[in-house]
Structures are given as C-alpha cells and as structure tokens.
Amino acid sequence: MNNKVKLGIFVLAGLFAVLASIVAVGNFSLARTYTVYVYFDNASGLVKKAKVKIAGVDIGVLKDVELAGSKARLRLAINENVALYQDAKAAIVSMGIIGTRYIDINPGDPSLPRVRDGDTIASTDEGSLEQTLTRIADKISSALDDINGGKNGNMFGNLADAVRDLKSILHNIAGQNEKITSSINNINNFSYNLAQITAQNKQDIRDAISNMRDIAEKVDKMVAKIYQGDGPLGALINDEDMSQELRETVTNAKEALASAKVTLDGLKDTIGRANKLQFSWNYLGRYNMRDEKFRNDLGIKIAPSEEKFYYVGISNVADSKDAKTQDEKDSMNTLDALLGFRFDKFEVYGGIMRGTAGGGIGYSFFEPIYAPYRKLQAFVNVYNISRTGATSKPEVDLGVRFGFTKWLYAGVMVEDTLYRSALTPYIKIEINDRDLAALLGIISIAAVSTK
C-alpha cells in the first residue's frame, strides 16, 4: 500500500470522525422546548404566543390553536427545564377584568411520571373569570329558587357561596384600583393644564379667530371676481374654447401618466425579480486516487428563488494537449448545464452532466437545502447513461461533504461506483456574487426603459 492510498484512507477516516462528532455532540437536534397539548371548550380571547405560566412565572408560550371536533386544541411550547406531571392541569386565566389572557398550569404531583413531548394534559375552567361569574349567577338563581320552594338551608348556603365568589371578583377589581386612580389623576392634570393654556392665550385665540374671519372675507371676494370674469382665471373659466383646450390638455396628461404607470410597473417587477436572483461561483477540486490525477470543475449557479436554480459550468478543465489517450481527451472541458428544483431538505436536478445526459439528487441533513450554509450534505449523480465499450453501465457518483464556512466545503466521493469505484477526496468553494445580480438588474431595467 503506497503513501497516496494511506493518505486517502486517513482523509476518509478523518471526515467520518468529524461526521460522528457532529452527530454525537452537536446541537442540531437538541430542542429548548417540548410540546404539550391541551383541549378547552372555549379558547376565545387567547392570541398566538400568549404566555404559559406556573404561579405567575413564564414557562412557555402558546404556539398554535386549532379546532379538533367541537373543542379548541392548544399546542404549548414548554421550557425543557420545567417538569410537568401526569396529573397536571391547565386553565385559561385573565389578568384582571379587562386584562390579557394567558394559560396557567398546575404542574401536578412530582411522584407521578413526567409529561413527555407530545403528551396531552387535562384542562379546567376554574381559573376563568367568565366561569366564576357564571357560578355566581347560578348560585343566586338557585337561592331564588330555594326561596320560592321554602328550602331555607340550601338558600343560605348558595348565598354564602355566591358572596365568597363575589368577594374574589371585588378583590381582583381592587387590585386594579391603583391603575384606575392613576388614569383619573392624569385626566385631571390634562384638564388643569388645558385650562391654564387657554387662560394665558385668550388674546392670541381671539386674534387667530379674527384673522380667520378676514381670510374668509377675502376668499369670498376672490371667488366673486372669478365668477364675474375678472382676471385671467375668470377668463379661463368663462371662455369655452380655452376650457376645451384645458380639458384636452388634462386628458393627454392622464394618458401620459397611464403610460408612465405601465412603465413603472414593469420596472418595479423587473427590480423585484433582480433582487431575488442569487449568483454563486463554484469551484470543485478533486483528486482521483485510482488515476492519481487532480481535476478541476468551474461553474456558476443562478437561483431565481429558493425553489429553483440553474447551473452552467465546465468539468475537467484542462489543456487537451496534455491528454495521453483519446478517452482522456474526450473527458476534458465537458459541459454542465442543469436545471434543479429544491424542496425542504432535498433537491433534484437534471440536464447535461459532464457532456452527457444525466441528473442527480442532493440531501441536507440539518439545514434546508436552499440555505446559504449546509453543515452536512450527501448526493448521488447519474450520467453517461448510454456509455459503450468496456461496460454498458452508466456512471454513478456517490458523495458526502461537510461545510466549514459559508464558502468552503470538503468531502469525499466514490466516482463511477458501478465500474471502477475510484475514491476521490475533494474541496468545494462557493462564493456568492451580489454585484453580478445588481448588474443584471441594471441591464434589465435599461431594457424595459427603452421599450
């Protein structure tokens, strides 16, 4: 085993060690919250991202509310360091009578098993202000029924319960007394200041009213002169020919403005499309350990949106004079022209690959496939499907690469897996070019403007 083979094996082992370290100790799949579901008969007044609390302390937020049958299904995101237990209960609570609503949770008995991600906990309406008022009304109604029926014992018990609940509400209102008093004081201060300003500026107010009367009289005189035909404006109004010419001028101006609006809409659409374009220069340097040769690929990727991209480039960039065989010469400076579509974690692409028909699939393990930086990505390329000669099997490349920065990647692939299986370490440099996108936008705007 020569040194180059040993070097390749060492590089491959190192890359897989890095991958294992990333998966083992990385934070890609670690979540800071876990999900808990709860059902309520009525979730009115709750807004998305409403607070979730225990004893008045924030422990999470409301992520989503959806209808499940005849009930409201709430999805709560609970901080991972907060433990809830199997008998935990949730209630919708209001901060005062007109305050915002939040979800209050009783965490339950610590001796029971903990609630896990995706579990459902019970709900209770005991903390709802509306439920309290309803109970009071029911108890008063029951007391009145007892009076009519002569059941004095039940009557006094119901009245006592109603008074206790009413005291609870009055205590809640008393908690808002300071805010109400502050608001009244602010209104009093504003009224006092307004009275002082009015008293100090009475003469100025009289002068302003007098000036307004003078202006109104002058406007009346000016309008009368215009209708009588005095001055150029009066002549314009009373001269039919001049009025017709003015109408035609206004009509022409409207048509010009409409045409300008169409042009501006075209420019706006062109500028919007140019701003969404993403250009990136791509360089791939790979060392084929079977052939013991280093090869270069150059290209440019154009992405008009996150869901679609184009790639144009040259594979095996080299001087054909250095080729020793005709097959090696034919593989140099071949065209790549691909159209690709992206989804959340994977992409598919096809077209011309190394001068032949081909395509492939890429998958990103952690970030979306369209993200500007992907920590770990794998791919499969299939091309030269109609290959003849020593084998009729197409060329298949399998590879994986790691992202070290937003522009530098390193990886390893097995080229021509079905025939020669050449291990090929490689590096990839991907540089975004915003200037090229801006230049293309300027050219597009100039083209629209000359139409």
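Student: Which residues lie nearest the centre of the largest pocket?
Tutor: First, the ground rules: this is a predicted model, so local features need pLDDT of at least 70 and side-chain atom pairs count only at pLDDT 80 or more, while totals for chains, interfaces and linings use all residues. Residues are numbered from 1 along each chain as its sequence is written, and side-chain values use heavy atoms, with hydrogens and water left out. On a 1 Å grid over the protein atoms alone, a pocket is an open set of points with protein on both sides within 12 Å along at least five of seven lines, and lining residues have an atom within 4 Å of a point. The lining here has 25 residues, and those nearest the centre are Asp 327, Glu 328, Ser 331, Glu 395 and Arg 420.

Student: Which element gives the most to that pocket's lining?
Tutor: Helices (H or I, at least four residues) and strands (E, at least two) are DSSP runs, numbered from the N terminus. The elements giving two or more residues to the lining of the largest pocket are β8, β9 and α8 (326-330). With three residues, the top contributor is α8.

Student: How many of the pocket's lining residues are charged?
Tutor: For the classes, Asp, Glu, Lys and Arg count as charged, Ala, Val, Leu, Ile, Met, Phe, Trp, Tyr, Cys and Pro as nonpolar, and the others, Gly among them, as polar. The lining of the largest pocket has three nonpolar and eight polar residues, and the charged ones number 14.

Student: Which strand gives the most to the lining of the largest cavity?
Tutor: That lining has 26 residues, with Leu 284, Tyr 311, Tyr 349, Asn 381 and Lys 428 nearest the centre. Strands supplying at least two residues include β10 (308-315), β12 (346-353) and β17 (422-432). By class, the lining has twelve nonpolar, four polar and ten charged residues. With four residues, the biggest giver is β14.

Student: How many strands are in the closed barrel?
Tutor: Two strands pair if DSSP finds at least two bridges between them. The barrel runs β8-β9-β10-β11-β12-β13-β14-β15-β16-β17 with antiparallel pairing, and its strand count is ten.

Student: Is Val 52 buried or exposed?
Tutor: Val 52 lies in strand β2 (residues 51-54). Setting aside neighbours within four places in sequence, Val 52 is in contact (heavy atoms within 4.5 Å) with residues including Leu 62, Leu 76, Ile 78, Ile 103 and Ile 105. Buried means under 20% relative accessible area, exposed over 50%, and partly exposed in between, using a 1.4 Å probe and protein chains only. Because its relative accessible area is 0%, Val 52 is buried.

Student: Which residue in the turn between β2 and β3 has a positive phi?
Tutor: β2 and β3 (residues 57-68) run antiparallel, joined by four bridges, and Ile 54 stands opposite Val 57 in β3. They form a hairpin with two residues between the strands, and the turn residue with a positive phi, about 55°, is Ala 55.

Student: And in the hairpin of β3 and β4, which residue takes a positive phi?
Tutor: β3 and β4 (residues 71-79) pair in the antiparallel sense over eight bridges. Asp 64 has Arg 75 in β4 as its bridge partner. Two residues lie between these strands, and the one with a positive phi near 70° is Gly 69.

Student: Why is β5 described as largely enclosed by the rest of the structure?
Tutor: β5 (residues 89-94) has an antiparallel partner in β6 (residues 101-106), joined by six bridges, with Ser 94 opposite Arg 101. β5 also pairs in the parallel sense with β7 (residues 119-123) over two bridges, where Lys 89 stands opposite Ala 122. β5 is largely enclosed because, of its six residues, the number buried is five.

How values were computed. 1 Å grid on protein atoms, 1.4 Å probe; cavity = no way out; pocket = protein on both sides within 12 Å on 5 of 7 lines; lining within 4 Å.
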